[in-house]
Amino acid sequence: MKGGVEGWSGRAETLRRLRWHCRRGLLELDVLLAQFARNGLQSLDDEELAQMESLLSKPDMDLLDWLEDRRSPPARFAAVISKIRLSV
């Protein structure tokens, strides 16, 4: 049985790719995202996975500011940012 639009094999590939992209250049960000990749990434639905992929294309300093609540994230990322914060 297929899960979501991509099916299980597509979802597994997406999760693998996102886990890899959670590895960052800033140690603080790497720690936050690696923990979420281990503990929360698989709980995201297909729409949230697409948002996560877009989020991970942003500069490290923006990501860190949003995750540490130094700046408000763009509305389209708010739900995923919130899930990351809650998981760490």
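The legends below describe close-up views of a predicted model.

**View 1**
The largest nonpolar core of the predicted model contains 22 residues. Leu-33, Leu-41, Met-52, Leu-55, Leu-67 and Ile-84 are the members with the most contacts inside this core. Two or more residues each come from α1 (7–21), α2 (27–39), α3, α4 and α5. Helix α2 contributes the most, with five residues.

**View 1. The surroundings of Leu-33.**
Leu-33 is among the residues with the most contacts inside the largest nonpolar core. Which residues does Leu-33 touch, leaving aside its neighbours within four places in sequence? Its contacts are Cys-22, Arg-24, Met-52, Leu-56, Leu-67 and Ile-84. Of these partners, Met-52, Leu-67 and Ile-84 are also listed among the core residues with the most contacts.

**View 2. The crossing of helices α3 and α5.**
Two packed helices are described by the angle between their axes and the distance between the axes. Helix α3 covers residues 46–55 and helix α5 covers residues 78–87; their axes come within 9 Å and cross at roughly 85 degrees. The two helices are therefore roughly perpendicular to each other. On the α3 side the contact is made by Glu-48, Gln-51, Met-52 and Leu-55, and on the α5 side by Val-80, Ile-81, Lys-83 and Ile-84. By type, five of the residues in this contact are nonpolar, one is polar and two are charged.

**View 3. Ala-79 in helix α5 and its distance to Met-52.**
Ala-79 is part of helix α5. Its relative accessibility is 43%, so Ala-79 counts as partly exposed. In sequence, Ala-79 and Met-52 are 27 residues apart, while their C-alpha atoms are 9.9 Å apart in space. Met-52 belongs to the α3 side of the contact with α5.

**View 4. The aromatic pair Trp-66 and Phe-77.**
The structure has one aromatic pair. The ring centres of Trp-66 and Phe-77 are 5.9 Å apart and the ring planes stand at 35 degrees, so the pair is tilted. Trp-66 sits in helix α4 (residues 60–67), whereas Phe-77 sits in the loop between α4 and α5, and the two are 11 residues apart. Are these two residues buried or exposed? Trp-66 has 7% relative accessibility and counts as buried. Phe-77, at 1% relative accessibility, also counts as buried.

Although Asp-69 is not a glycine, it has a positive phi of about 60 degrees. With a relative accessible area of 55%, Asp-69 is exposed.

**View 5. Gln-42 in the loop between α2 and α3.**
The loop between α2 and α3 holds Gln-42. This residue is partly exposed, with a relative accessible area of 38%. Leaving aside its neighbours within four places in sequence, Gln-42 is in contact with Arg-11, Leu-15, Arg-19 and Ala-37. From Gln-42 to Ile-84 the separation is 42 residues in sequence and 12 Å in space, C-alpha to C-alpha.

**View 6. His-21 in helix α1 and its distance to Leu-56.**
His-21 lies in helix α1. At a relative accessible area of 38%, His-21 is partly exposed. How many residues apart in sequence are His-21 and Leu-56? They are 35 residues apart in sequence, and their C-alpha atoms are 6.7 Å apart in space. Leu-56 is also one of the contacts of Leu-33.

Conventions:
Residues are numbered from 1 along each chain as its sequence is written. This is a predicted model: local features need pLDDT of at least 70, side-chain atom pairs count only at pLDDT 80 or more; totals for chains, interfaces and linings use all residues. Side-chain values use heavy atoms; hydrogens and water are left out. Axes are lines fitted to C-alpha atoms, for helices over the stretch in contact, and angles run from 0 to 180 degrees between N-to-C directions. Helices (H or I, at least four residues) and strands (E, at least two) are DSSP runs, numbered from the N terminus. Angles under 35 degrees count as roughly parallel, over 145 as roughly antiparallel, 65 to 115 as roughly perpendicular and the rest as oblique. Contact means heavy atoms within 4.5 Å. Ala, Val, Leu, Ile, Met, Phe, Trp, Tyr, Cys and Pro count as nonpolar, Asp, Glu, Lys and Arg as charged, and the others, Gly among them, as polar. Rings of Phe, Tyr and Trp (its six-membered ring) pair if their centres lie within 6.5 Å; planes under 30 degrees apart count as stacked, over 60 as edge-to-face and the rest as tilted. Buried means under 20% relative accessible area, exposed over 50%, partly exposed in between (1.4 Å probe, protein chains only). A nonpolar core is a set of buried Ala, Val, Leu, Ile, Met, Phe, Trp, Tyr and Cys residues joined through side-chain atoms within 4.5 Å.
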